[in-house]
Amino acid sequence: MATVRVQAEDFDTGAEIEKVSAGRRDIGAVASFVGLCRDEGGRLAALELEHYPGMAEAELGRVVAEAESRWPLDAVTVIHRYGKIAPGARIVLVVTASSHRVAAFEACEFLMDYLKTRAPFWKKEHLIDGTSGAWVEAKGDDDERTNRWNG
Amino acid sequence: MTDREVRLVYFSWVRERIGVPEERLVLPSDIITAGDLVRWLATRDDAHAFALQSPSTIRVAVDQMHVSHDEAITEAREIALFPPMTGG
């Protein structure tokens, strides 16, 4: 069972983790990752996340389908927020569930690597001094992390 | 092949530099690939030239699916141009 949500609202990490295995007796492992907004050494007032409505959901769905084809997953949840997000607040959640831990761990990492380079979201920095800063640049090592899954 | 109208949508600094979030344009019949489109758009005016001055940086999606610059876009209805993604 896969759940993909793209939303402005915050999410309840604990509730989402509980949900994937609720009522199940076959799941032996649940792994999760939460991405948070950093304050960049006190410089950042907020991140503004722009997304491509429609494609964001579709591409996350394709990335989830790719993970499901590679690992025996019993459940996957991906939630990605957009809009203005303050330092300390949650941006993204990935939860994976499987019979055994290796599939859950690996699929969780794979999903994060893939969604960083494939899901159509862009971060803009708003700074403490009131100025609107630069668009965050994509990191080369994110591409390398994605590519190593195809080694 | 006849000229065809497509909806172009822009995101992040591509949107800011071009100055509009989307536009409808009739593509000349000799625009075959995503790379052709990026190079042609860059010749339209200063704003498009500024946004698309580094074509290899520009990512293209056709009807909400990623495509590479050498892929055909001749069946496209909606084409998106944007910088490398920074979600997560």
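Biologist: Quick one to start: how many other C-beta atoms lie within 10 Å of B:Ala34?
Modeller: There are 25, so B:Ala34 is buried. The cut-offs are 20 or more other C-beta atoms within 10 Å for buried, 12 or fewer for exposed and partly exposed in between, with C-beta atoms placed from the backbone. Keep in mind that this is a predicted model, where local features need pLDDT of at least 70, side-chain atom pairs count only at pLDDT 80 or more, and totals for chains, interfaces and linings use all residues. Residues are numbered from 1 along each chain as its sequence is written, with chains lettered from A and ligands numbered from 1 in the order in which they are written.

Biologist: Where is B:Ala34 found?
Modeller: In helix α2 of chain B. Helices here are DSSP runs of H or I with at least four residues, strands are E runs of at least two, and both are numbered from the N terminus.

Biologist: Which residues of that helix are buried?
Modeller: B:Ala34, B:Leu37, B:Val38 and B:Leu41, in a helix spanning residues 34-41. They sit on the same side of α2(B) because they cover an arc of only 95 degrees around the axis, taking the arc from the directions from the helix axis to the C-beta atoms. An α-helix has 3.6 residues a turn, so residues three or four places apart point the same way.

Biologist: And what covers them?
Modeller: The cover includes β2 (22-27), α3 (46-51), β3 (59-62), β4 (65-67) and β5 of chain B. As for B:Ala34 itself, leaving aside neighbours within four places in sequence, its contacts are B:Val60, B:Val67, B:Ser68, B:His69, B:Glu71 and B:Ile73. Contact means C-beta atoms, placed from the backbone, within 7 Å.

Biologist: Switching to the interface: how many residues of chain B are in contact with chain A?
Modeller: 14, and they meet 21 residues of chain A. α1 (12-18) and β5 (78-82) of chain B each give at least two residues to that side of chain B. By class it has eight nonpolar, six polar and no charged residues. Nonpolar covers Ala, Val, Leu, Ile, Met, Phe, Trp, Tyr, Cys and Pro, charged is Asp, Glu, Lys and Arg, and the others, Gly among them, are polar.

Biologist: What does B:Ala80 touch?
Modeller: Beyond its neighbours within four places in sequence, B:Ala80 is in contact with A:Tyr52, A:Met55, B:Val9, B:Phe11, B:Val60 and B:Ala61. B:Ala80 is also one of the residues that touch the most other members of the 61-residue largest nonpolar core, along with A:Ala67, A:Ala107, A:Leu111 and B:Val60. Helix α3 (residues 101-118) of chain A gives this core its largest share, eight residues.

Biologist: On to chain A: how many residues of strand β4 are buried?
Modeller: Nine of the nine (residues 73-81), so β4(A) is largely enclosed by the rest of the structure. Strand β1 (residues 2-7) of chain A runs parallel to β4(A), with six bridges, and A:Gln7 faces A:Arg81. Strand β6 (residues 90-98) of chain A is antiparallel to β4(A), with seven bridges; there A:His80 has A:Val92 as its bridge partner.

Biologist: Which residue other than glycine has a phi near 55 degrees?
Modeller: B:Ser12, a positive value. B:Ser12 is in helix α1 of chain B and counts as buried because it has 24 C-beta neighbours inside 10 Å. A:Glu40 also has a positive phi, near 50 degrees. A:Glu40 lies in the loop between β2 (29-36) and β3 of chain A, and its 14 C-beta neighbours inside 10 Å make it partly exposed.

Notes. Contact = placed C-beta atoms within 7 Å. Core = buried A, V, L, I, M, F, W, Y, C linked by C-beta atoms within 7 Å. Pairing = 2+ DSSP bridges.
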